[in-house]
Amino acid sequence: MQRFAVGHATHPDWQRALALACVQVQGQLDGRVGDALQPTLGFVYLTDHYAAQTQAVLDALRQRWPSVAWVGTVGVGVAAGGVEYFDAPALVLMLAAVPLGRFQVFSGARPLARIEPHTALIHADGNTPDLADLIDDMSARTASGYLFGGLSASRAVACQIADGVLQGGLSGVAFSRDVSLISRVTQGCQPIGPRRQITACERNVVTALDGEPALACLLRDTGISLDDPQRAMATLRGTLVGLSDAPEAASAGSGRPTRSGAFGEDVRVRHLLGLDPGRQGVAIADRLEPGMQLAFCQRDVQAARRDLVRICAEIRDELAPEPAPALANALVSAHPEKPGDPTERIAGAIYISCAGRGGPHFGAPSAELQIIRHALGDVPLIGFFAAGEIGHHHVYGYTGVLTVFTRQD
């Protein structure tokens, strides 16, 4: 697979921004001397400043590249390379020459039929009824069970692009087994207490954890007392809940914390909605079941930075697995110069982060994307800031989902 081409721009006029981004992309395509392959798949993300012009943007892209299939959505922010655009009119484009027959754009109006999906990029409307069931169903239809993507985020209309402009439901592009990619989820919260088992609950209210009253566990982990309601409310506003499936229902390898003690990919962070002193319960923004694992947590900038660096390191390691000792010695003898950078194998990347992350959370403009760029280099990358992030078959919060497409040897 070839290296992808990326363009991005910000301008009050969407036509000017699109023209600037298209010039960047075309310049990269024209610079490929002797390259006969043409782009077949395009990704486009818009900030919600351009939401009303989504159809016009798609029409212009189709006119410029009529043979390209397009997918994308709207976010409160977008990103390209090491740059983030928050609360500004901006768009980002990425074109890829994925061989025909190895991908299919789909939506409710265009069901999957032409390929056997192995993985899929998903864009979805968070207000869709039974969205979790739809995502589970899509995951079950892929051979790997792995989805990556995010929920549209907009203060205006929340549009999706899937060879057309649509609202509601989910859409995206499915890839066959021949399209090689690596994907990781990075968490942004740090547990403040132990992981406990839900032993009693009713719908979204947990009343017992490891047999103890849930409210008592929360107060102990946060170090607060309801006798001081002002301090308690200030602390609880910054407290979240990390949920994971019962151990017997979790996938192999999940349930293990990272080396830093931060959450692993099995944990979905949810908001704490309120307290129920009468039942000694805690209300959580998710449906609960006995046997699930729960840990109270708080957002932590340093933990988010460390975890983002961790997933980038894991991707680098997977791109360049360590050879056997005998082979390594032979390679060093034959090629004493510095070995090749494993990130040279990256054709392109998509990073979907929470709308509550980005530079505003990491402490400086574009700080989150700069961490990725420092770790992976100047690879073609675009993304958006979402109302929820999709990884595996879960919808996460306060996370980032980084997916890299790799070149075939």
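**A mixed sheet, its helices and one loop glycine**

In this predicted model, six strands come together as an open sheet with mixed pairing, and their order across the sheet is β5-β4-β23-β22-β26-β13. At the edges stand β5 (83–86) and β13 (181–186), each of which pairs on one side only. On average, and with direction ignored, neighbouring strands of this sheet are turned by 15° against each other.

**Pairing within the sheet**

- The pairing of β22 (residues 346–354) with β23 (residues 381–386) is parallel and extends over six bridges.
- For isoleucine 352, the bridge partner in β23 is phenylalanine 384.

**Helices against the sheet**

- Helix α6 (residues 301–319) packs on the sheet, where α6 touches β13, β22 and β26 (400–406), and the direction of this helix makes about 165° with that of β13.
- Helix α9 (residues 367–376) lies across β4 (77–80), β5, β22, β23 and β26, and α9 runs at about 155° to β22.

- Glycine 168 is found in the loop that lies between β11 (165–166) and β12 (170–175).
- Although glycine 168 and alanine 124 are 44 residues apart in sequence, they are 7.0 Å apart in space, C-alpha to C-alpha.
- When neighbours within four places in sequence are left aside, glycine 168 is in contact with Asp125, Thr128 and Gln160.

Technical notes. Residues numbered from 1 in each chain as written. Predicted model: local features only at pLDDT ≥ 70, side-chain atom pairs only at ≥ 80, totals over all residues. Heavy atoms only, no water. Pairing = 2+ DSSP bridges. Helix = DSSP H or I, 4+ residues; strand = E, 2+ residues; numbered from the N terminus. Axes fitted to C-alpha atoms, helices over the stretch in contact; angles between N-to-C directions. Contact = heavy atoms within 4.5 Å.
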